[in-house]
Amino acid sequence: MDASDVLSLCKRRGFLYPSYEIYGGVAGMYDYGPLGTAMRNNIVEIWRRLYTLGEGFVEIDSETVGPEIVFKASGHVDEFADKMVKCRSCEEAHRADHLVKELHPNPSILKDKELDDLIRTRGVTCPACGGELSTVEEFNLMFKTVIGPGSGRVGYLRPETAQGIFVNFPNLYRFNREKLPLGVIQVGRGYRNEISPRQGVIRMREFNMMEAELFVDPEDKGWPRFNDVKDEKLKLFANDGREMELTVGEAVEQGVICNQVLAYFMWFTQEFLKSIGVDGERLRFRQHERDEMAHYAADCWDAEALLSFGWTEIVGIADRGCWDLSRHIKFSGVDMTAFKRFDTPHEVERDAIKPKYGLLGPKYKALGAKIGKALEATDPALMENNAVTVEVDGEKHVIGKEMFDIVRVKEKVSGVKVIPHVIEPSHGLDRITYTCLEHAYAQKGDMEMLRLSAAIAPIKFGVFPLMARDDLDKVAMQIDEDIRYSGIETFYDDSGSIGRRYARMDEIGTPYCITVDYQTIEDGTVTLRERDSQSQVRVNVKDLPLVTRAVLCGANIDQFVVADGSE
RNA sequence: GCAGGUGUAAUCUAGUUGGUUAGGAUUUUAGCCUUCCAAGCUAAACGCCCGGGUUCGAAUCCCGGCACCUGCACCA
């Protein structure tokens, strides 16, 4: 089996289509067909319920286009821009900052011009062939656009949904009645102008993600349900080279995973993936190397699935620390802290500066009030030579002792402001969907089938009349309608031999088929056929409302089997 | 973005020293037949990646583009 078998089936059967195919297609873009969309929706719904109903997260939906400052703050505008040079003789592309590693302590901070100069003056040549190098070109992986008409404002398509959550933190924190932990999820598209999209839906330029951002107290990275899962196993590949299978509890005790909440959500991710049909044997967690870590991450574990492409990241679970909120505080000036209330308020005494506004005003005119505020915020311990330095509107002012008093103040402190830390399980929905397809793909002789888990299968029941005559079709159509009206997806089919119809359903992963035959007319029973075992049992038509729900939940159906009817 | 390879129907594929109407299989559709796992019969629909050039004549040769695969680079 390789990816092209799976992709070919996906196209043939309506899971995935290359985008804009009639115009020749665009690399890195795929459309979901009817079955792919249904299946993906099922995955999203399962995920959503696990987080919202299971763990109390709330869901939001934010804009996909944002103004430049958002992504300046997030670091994406700068971190995503790779500075490239090309060799003029062999055409090989290189990253400019990598080429001058030995010539500069921190080449990543250099501007294009400075990199250029460094390359020229030190005579750096192409490492592959020794040829002359081109000037530095920026390649930014962000899709740029303009908000509004004319020159408008520069905007970008979001590279991740997470920023939409971070910028809403003050609103959401208030919504959560100013308490931590606060969990927020978002499902949506992100955009990255990949240099070289490959491998079907594994690397796309426009892709779907399911992101969860959990804001926690930086000093309390525990999780209430941690104890319930501490004996569950995780397959871990740490960045010190160790491969091991540990329980969640052991991993935290031994410091392999840095805190409880990260470990809990790794387990949670594993259970989610298994529940939608990802093969546990082909699933592992790999810790990012130090130099692989994103610009914001303090620690990061990838859930990787083994695909025909090799081990592939499908979920990244990162401790983003306070990076994002700190940056947005800095760029927006908005207080994005959480207030951590002490059990009992502390009474503290401290020295404070009390400005003499009567003197500041005449001397500094309009600046006086601002300088006064700045003085109030300054710690008297910073006084040197009987003066303190304050900065107002970007200018430093040295204020002599004659301009203020130092007073002892008593303050009641009922808590502290903290910048919450963020634990982020970020799921590549397209990769997860594809993993489900590939892990479900099986060949039986010449036949292909998808052993999709019933939970995500786009069609749950095929409903057939054995023959499309003698009223068998009418009965089958009625059964089909009843099941659909009860909220379960079915597919009615009366064309071709019964075997062909089963095969068609196997191919799109339908877990069960119901067949109306002549015996149905006599005794009101139908056959229920299970995809993976191909076994059949007879059940009563009048039990179908129960049976259909029960089998989808994995119930043993023996209780519904009509006594002597099974074969 | 570079290098190499590939591109024939929804899918898999045959077919070039350039030469009649591009062949097969699967799928799909209509009908016949058929009492549970891709049966059979009849018929139908659907194709040379796109554009330009060479030529009396191009699926075939040349150029450009696009897409896919492999490698390099990239991959928050």
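Predicted model: local features only at pLDDT ≥ 70, side-chain atom pairs only at ≥ 80, totals over all residues.
Of the atoms of RNA strand B that come within 4 Å of the protein, 48% belong to sugar and phosphate.

A base nitrogen of RNA strand B, in turn, lies 2.8 Å from a polar side-chain atom of T527. Two or more residues are given to this surface by each of α1 (3-12), β23 (447-450), α17 (498-507) and β27 (525-530). The most is given by α17, which supplies six residues.

Strand β27 also belongs to an open sheet of five strands, arranged in the order β25-β24-β26-β27-β28 with mixed pairing. The edge positions are held by β25 (490-492) and β28 (536-540); each has a single partner strand, so one side of each is left without a neighbour in the sheet. On average, and with direction ignored, neighbouring strands of the sheet are turned by 25 degrees against each other. Within the sheet, β24 (residues 461-465) and β26 (residues 512-516) are paired in the parallel sense over five bridges, and P465 has V516 in β26 as its bridge partner.

Two helices pack on this sheet. Helix α16 (residues 472-485) touches β24, β25, β26 and β27, and its direction makes about 160 degrees with that of β24. Helix α19 (residues 544-552) touches β24, β26, β27 and β28, with a direction at about 155 degrees to that of β26.

Elsewhere in the protein, helix α2 (residues 34-55) packs against helix α11 (residues 260-275) at an angle of about 140 degrees, the axes being 10 Å apart. The crossing of α2 past α11 is right-handed. On the α2 side the contact is formed by I43, I46, W47, L50, Y51 and E55, which meet Y264, F265, F268, T269, F272 and S275 of α11. Classified by residue type, this contact comprises nine nonpolar, two polar and one charged residues.

An antiparallel pair is formed by strands β18 (residues 387-392) and β19 (residues 395-400), which are joined by six bridges. V392 stands opposite E395 of β19. Two residues separate the strands of this hairpin, in which D393 adopts a positive phi near 50 degrees. A positive phi near 50 degrees is also found at N385, a residue other than glycine, which is placed in the loop between α14 (368-376) and β18.

A further backbone feature concerns the peptide bond from L180 to P181, which is cis, with omega near -5 degrees. P181 is located in the loop between α8 (169-175) and β10 (182-191).

Notes
Residues numbered from 1 in each chain as written. Chains lettered and ligands numbered in written order. Heavy atoms only, no water. Axes fitted to C-alpha atoms, helices over the stretch in contact; angles between N-to-C directions. Helix = DSSP H or I, 4+ residues; strand = E, 2+ residues; numbered from the N terminus. Left-handed = near helix turned anticlockwise from the far one by under 90°. Contact = heavy atoms within 4.5 Å. Nonpolar A, V, L, I, M, F, W, Y, C, P; charged D, E, K, R; others polar. Pairing = 2+ DSSP bridges. Near = heavy atom within 4 Å. Polar contact = N/O pair within 3.5 Å; in protein donor to acceptor, adjacent residues only side chain to side chain.
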